[in-house]
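Reader: I would like to learn how to read a protein model. Please take me through it one feature at a time.

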Amino acid sequence: MTVVAVLGGPGAPGATSSALALLLSWPLRPGRRVLLVECDPDGGAVLAGALEGRVEAVYGLRNLAVADRRGLLAETLWEQLLDVSPQGTGERLLLPGLTDPAQAPGLAYTWEPLVEALHALEPQGYDVLLDLGRSGANGPMAVLPRRADVVAATVRTTLRGLSAARPRIAALREDLDAHGTGSDGLGLLLVAEGPYPESEVSRQFRLPVLGALTHAPRTARVLSDGGDTTDRRFIRSELMRTARTTADRIQDLAAARRRRLGGPQPQPQPQLQQQPVQPPPVQQQPVQSVQPALPPQQVQAPQPVPPFVAGPVAGPAYPQQPQQPPPPTYQQQPYQQQQFQQQFPPQGAGQFTGEWPIRVEAPQISYAAPHIAPPAVPQPPAPAPFPGQAGPDGADGEEVWRAR
């Protein structure tokens, strides 16, 4: 598997459009797939640009921060992918980026687990492209270019573009040498807009040129603002031809670095041609494993409810009343009180028998302990299908959505 980080810079050199061109032109052997992850902290641009807003912005990179805190990052990753293959074969996938730059601080502790999850896709035959934008190599996101096999810095061959890129590339080179696997995986991805030739730019920056994309604004507008990527004129355009050449150079550089570092070599796997590639198994976990456990003293087993028996009930719910003496009869009352009751008898009262009525029926009171409901566990919503189409299942079992 090859992990390629595409870095931009000031002046909009075209990092996102270049990453999309690599995604659509990446050479794939049978059983291989390629995934583009929008990691730009300033916000993703593909949903509103190349996809023209036809896909609802409910899924993407922002949902992985919540999944990482719940320990479900690897499983949730498959639920956020969009299929952008022109034929809908699920070979070219997209993980949309942030919808608001204010969401970037919430991913500070998710970048490193995300890189680990992406490297774990190697047995499934995935190549990964990371769109870092203009500021994706600084701060907590610096782990992305440090762990990448190849870092491609997008530069326009104009005086303004080269001047703005020089200090940023110098700082990136020092960071890769000090904290990464070395700056030998750093290269230039040129957009041939200015008069400076490829050899001169490589000599000035002392870096290899991974590719020189043709400056074709009309063709590039399909990648930045939307259009028909299945059009034969777009597929055979000079921009896409140079993108395919750039992808071949990047793969050659990644293979050479892996041989130097002693890592696994990206060799073709014959068994993948006979069996469909399966996604990593999603382990079904009960809800109790992801929700916070309640302290033992808060959960009590309900006690059996005894049948109600008329009479005094012992317990704190029914405190015993002090026994009162029986009411006095007419013979025990003073003479004046007897005279008053004879003149003013109580309304609706019959003949007094000398005994007080006893209430036999007692109120029905439940003795069962109150039920303690477990806290609700937030679940991610089901992905919405593409407008006018039903969401098909991917060829290898994961759930992806057609975007084109």
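**Reading the fold and its salt bridges**

Author: Begin with secondary structure: the protein has twelve helices and nine strands. Keep in mind that this is a predicted model.

Reader: What do the contacts say about residues at least 24 apart in sequence?

Author: Take the contacts between residues at least 6 apart in sequence: 75% of these join residues at least 24 apart.

Reader: How many salt bridges does the structure hold?

Author: A salt bridge needs a side-chain nitrogen of Lys or Arg within 4 Å of a carboxyl oxygen of Asp or Glu. The structure holds twelve. One of them pairs R147 with E116, at 2.8 Å from N to O.

Reader: Why does the pair of R147 and E116 tie together parts that are apart in sequence?

Author: Look at where each partner sits. R147 belongs to helix α5 (residues 143–147) and E116 to helix α4 (residues 111–119), so their pairing ties together parts 31 residues apart in sequence.

Reader: Which residue does E193 meet in a salt bridge?

Author: Its partner is R156, with 2.6 Å from N to O. E193 is in the loop between β7 (186–192) and α7 (198–205), while R156 is in strand β6 (residues 150–156), so this pair ties together parts 37 residues apart in sequence. E193 has a relative accessible area of 36% and is partly exposed; R156 is partly exposed as well, at 22%.

Reader: Where do R249 and E198 lie?

Author: The side chains of R249 and E198 form a salt bridge at 3.6 Å, N to O. R249 is in helix α10 (residues 238–261) and E198 in helix α7, and the pair links distant parts of the chain, 51 residues apart. The relative accessible area is 36% for R249, which is partly exposed. E198 is partly exposed at 35%.

Reader: Which residues are linked in a network of salt bridges?

Author: A network joins several charged side chains, and here E122, D149 and R258 are linked in this way.

Note on methods. Residues are numbered from 1 along each chain as its sequence is written. This is a predicted model: local features need pLDDT of at least 70, side-chain atom pairs count only at pLDDT 80 or more; totals for chains, interfaces and linings use all residues. Side-chain values use heavy atoms; hydrogens and water are left out. Helices (H or I, at least four residues) and strands (E, at least two) are DSSP runs, numbered from the N terminus. Contact means heavy atoms within 4.5 Å. Buried means under 20% relative accessible area, exposed over 50%, partly exposed in between (1.4 Å probe, protein chains only).
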